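Take a look at the chain below.

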Amino acid sequence: MLSFLKANILTIIVVVILIVIVGLIIRTLVKDKKSGKGLCGGDCSNCHGCPHGQ
């Protein structure tokens, strides 16, 4: 087990960093969604999916 960790430590570190980054992105998206912020640029006049722009 220890030899596996030694042989793959860089890969493990990169995977952990990527998991953390993706988790932070998902957390931000959920937080924005709960606070009412949309995922678009905010120009509702050109958005067919926005109820405020029609």
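What follows goes from the overall fold to a single residue.

This is a predicted model. The protein chain holds 2 helices and 0 strands. Buried residues account for 2% of its 54 residues.

Now turn to helix 2. It runs over residues 9-34, which makes 26 residues. From its first C-alpha to its last, helix 2 reaches 37 Å. That is close to the 38 Å expected at 1.5 Å a residue. Glycine 36 follows helix 2. The phi of glycine 36 is positive, near 95 degrees.

Next comes the surface. A nonpolar patch there covers about 820 Å². Its members are Ile9, Leu10, Ile13, Val14, Ile17, Leu18, Ile21, Ile25 and Leu29.

One of these patch residues is Ile13. Isoleucine 13 lies in helix 2. Is isoleucine 13 buried, exposed or partly exposed? Its relative accessibility is 40%, so isoleucine 13 counts as partly exposed. The reasoning rests on two cut-offs: buried means under 20% relative accessible area, and exposed means over 50%. Partly exposed is the range in between.

Definitions and conventions
Residues numbered from 1 in each chain as written. Predicted model: local features only at pLDDT ≥ 70, side-chain atom pairs only at ≥ 80, totals over all residues. Heavy atoms only, no water. Helix = DSSP H or I, 4+ residues; strand = E, 2+ residues; numbered from the N terminus. Expected span 1.5 Å × (residues − 1). Patch = residues over 30% accessible without salt bridge, like charges linked within 9 Å, V, L, I, M, F, W, Y side chains within 5 Å. Areas by Shrake-Rupley, 256 points an atom, 1.4 Å probe, with all protein chains shown as cover. Salt bridge = Lys/Arg side-chain N within 4 Å of Asp/Glu carboxyl O. Buried < 20%, exposed > 50% of the residue type's maximum accessible area, 1.4 Å probe, protein only.
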